[in-house]
Amino acid sequence: MAARVELIGCLIVAAVLLQGAAAATYYVGGNISWSVPTEGESAYTAWASGKDFELGDTIVFNWTGTHTVARVSKDVYDNCTTANVLASDTQATSPVNYTLNSTEPQYFICTIGSHCSFGQKVTISISSATSLTVGAVTTMLLVMAISFLTSI
């Protein structure tokens, strides 16, 4: 019976650790932060392509100078049309944190002047397979722990 209780404890700890390990923090743009990139849009595309974003991760926009960040639709992102972007959806004070809570791609732009047209925009795509794997393993461990508890 003591061995069974120890096993249950280990399974619960493993599930909690797996759940906590899934969340990460990413600083948008890395070394260039959130600015008008000299390389254009490709700078943020390259930065984002090297990341495995997952549900629950946080992305942080840091900047100096005059910039904003707004989460926008794909159409606004593609066309850099800020006329329909609500002021309430635009953050103007750095840093800005967003928690990724959807598997849909997230689109962010700077709404100042031509900053978006010059490449200050980024798409964040969730790695749903990784998120689902961690969630599935966590769920499996919890079900096993509950199964052992109910059979005692």
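Two strands count as paired if DSSP finds at least two bridges between them, and helices (H or I, at least four residues) and strands (E, at least two) are DSSP runs numbered from the N terminus. In these terms, Ala-70 stands opposite Thr-90 in S4, and the sheet to which S4 belongs is an open one of four antiparallel strands. The model is predicted, so that local features need pLDDT of at least 70 and side-chain atom pairs count only at pLDDT 80 or more, whereas totals for chains, interfaces and linings use all residues. Residues are numbered from 1 along each chain as its sequence is written, and side-chain values use heavy atoms, with hydrogens and water left out.

**Sheet**

- The order of the strands in the open sheet is S4-S3-S6-S7, with antiparallel pairing.
- Strand S4 (90–91) and strand S7 (121–124) each have a single partner strand and stand at the edges, so one side of each is left without a neighbour in the sheet.
- Strand S3 (residues 69–72) runs antiparallel to S4 and is joined to S4 by two bridges.
- With contact meaning heavy atoms within 4.5 Å, and with residues up to four places away in sequence not counted, Thr-90 touches Thr-68, Val-69, Ala-70, Val-85 and Thr-111.

**Nonpolar cores**

- A nonpolar core is a set of buried Ala, Val, Leu, Ile, Met, Phe, Trp, Tyr and Cys residues joined through side-chain atoms within 4.5 Å, where buried means under 20% relative accessible area, exposed over 50%, and partly exposed in between (1.4 Å probe, protein chains only).
- The largest such core has 19 residues, and those with the most contacts inside it are Trp-34, Phe-53, Ile-59, Phe-61 and Val-122.
- Helix H2 (42–49), strand S2 (58–61), strand S5 (96–99) and S7 are the elements that give two or more residues to this core, and the largest share, three residues, comes from H2.
- A second, separate core has nine residues, among them Ala-70, Cys-80, Val-85 and Tyr-107.
- Not counting residues up to four places away in sequence, Val-122 touches residues that include Trp-34, Tyr-44, Ala-48, Phe-61 and Tyr-107.
- Ala-48, placed in helix H2, counts as buried at 11% relative accessibility.
- Leaving aside neighbours within four places in sequence, Ala-48 is in contact with Phe-53, Val-122 and Thr-123.

**Salt bridges**

- The structure holds two salt bridges, each defined by a side-chain nitrogen of Lys or Arg within 4 Å of a carboxyl oxygen of Asp or Glu.
- In one of them, the side chains of Lys-121 and Glu-41 meet at 3.7 Å, N to O.
- This pair links distant parts of the chain, 80 residues apart, with Lys-121 in strand S7 and Glu-41 in the loop between strand S1 (25–27) and H2.
- Lys-121 counts as buried at 6% relative accessibility, whereas Glu-41 is partly exposed, with a relative accessible area of 34%.
- Lys-74 forms a salt bridge with Asp-78, in which the closest N and O atoms are 2.9 Å apart.
- Both Lys-74 and Asp-78 lie in helix H3 (residues 74–79), four residues apart, or about one turn of the helix.
- Lys-74 counts as partly exposed at 44% relative accessibility, and Asp-78 is also partly exposed, with a relative accessible area of 41%.
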